[in-house]
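User: Please take a close look at the side chains in this model. Keep it brisk.

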Amino acid sequence: MLILAGVFATSFVIALSGAMMPGPLFATTITASAKRGIIAGPALILGHAILELAMVAAILFGLAPLLTRDMVFACIALFGAAVLLWMSFSMIKSLPKTNVDWEAHDSSNAENLVFQGIVMSMSNPYWTIWWATIGLGYILYCRTLGLPGLAVFFAGHIMGDLSWYSLVSVIVAKGRHLLTIRVYRGLIGGCAVFISCFALYFIYSGISRLAG
């Protein structure tokens with residue numbers, strides 16, 4: 001139970017760290033929330049979740065036999081750690097200039113918010129990189145815990161996304177003063193420190209599997 005709780009917590013924070021970095025989905029959430037209110041964020045994340053569930057299934061049913069090899073796991077873990085460290089460094093480096101563009105504009109005219117969530121997620125190169133490295137390593141680990149491990153990982157991941165984008169929708173719809181730049185930067189900085197520690201764990205796991 002403690003292991004599953006740890007999986008949920010780390011999955012939640014890692015997802016939150018990625019979600020907080022502005023991208024196509026963030027811009028769409030702002031504009032959609034201004035038009036449709038607080039339901040925009042959850043609806044967009046539903047589309048995002050559908051896409052990510054398909055990605056998890058593809059990894060499990062197509063690539064899992066190859067990815068369970070010790071050498072492959074170690075390479076994925078070490079490369080994922082490198083991506084995490086790069087991500088953490090980039091987040092910390094960008095803190096002085098980090099801002100929230102409340103005036104972002106969405107170029108899509110699609111009416112279906114769920115569909116927009118899928119399209120905007122796919123349009124972000126970081127999404128593919130994340131699942132090919134960090135997400136892949138996470139799935140390989142959770143696979144050893146069986147279906148409960150995978151379910152808890154996915155639940156934590158989606159809840160991280162849902163929490164942030166729901167908050168963004170509330171702020172846009174109800175009042176932008178709720179999230180100051182200082183608070184926003186503090187959240188990003190805290191997440192950056194956390195994922196640095198998580199990267200060290202990935203390095204340890206990769207080396208341990210090689211030494212196995």
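Analyst: Start at the surface. Met71, Leu78, Ile207 and Leu210 form a nonpolar patch there, with about 370 Å² of accessible area together (Shrake-Rupley method, 1.4 Å probe, only the protein chains shown count as cover for residues). Two elements, α4 (70–94) and α9 (181–211), each give two or more residues to this patch. Helices are DSSP runs of H or I, at least four residues, numbered from the N terminus. Patch residues have over 30% relative accessible area and no salt bridge, and nonpolar side chains are joined within 5 Å. A salt bridge puts a side-chain nitrogen of Lys or Arg within 4 Å of a carboxyl oxygen of Asp or Glu.

This is a predicted model: local features need pLDDT of at least 70, side-chain atom pairs need 80 or more, and totals for chains, interfaces and linings use all residues. Residues are numbered from 1 along each chain as its sequence is written, and side-chain values use heavy atoms, without hydrogens or water.

Now the rings. The structure holds four aromatic pairs (centres within 6.5 Å; planes under 30 degrees apart are stacked, over 60 edge-to-face, the rest tilted). Trp130 and Trp131 have ring centres 4.9 Å apart and planes at 75°, so they pair edge-to-face. Tyr138 and Phe153 are tilted, because their planes stand at 35°, with centres 5.0 Å apart. That pair links distant parts of the chain, 15 residues apart: Tyr138 is in α7 (residues 134–143), Phe153 in α8 (residues 146–174). Ring pairs link Trp130, Trp131, Tyr138 and Phe153 into a cluster. Trp130 and Trp131 are buried (under 20% relative accessible area, 1.4 Å probe, protein chains only). Tyr138 and Phe153 are buried too.

Methods:
Patch = residues over 30% accessible without salt bridge, like charges linked within 9 Å, V, L, I, M, F, W, Y side chains within 5 Å. Phe/Tyr/Trp six-rings, centres within 6.5 Å; stacked < 30°, edge-to-face > 60°. Buried < 20%, exposed > 50% of the residue type's maximum accessible area, 1.4 Å probe, protein only.
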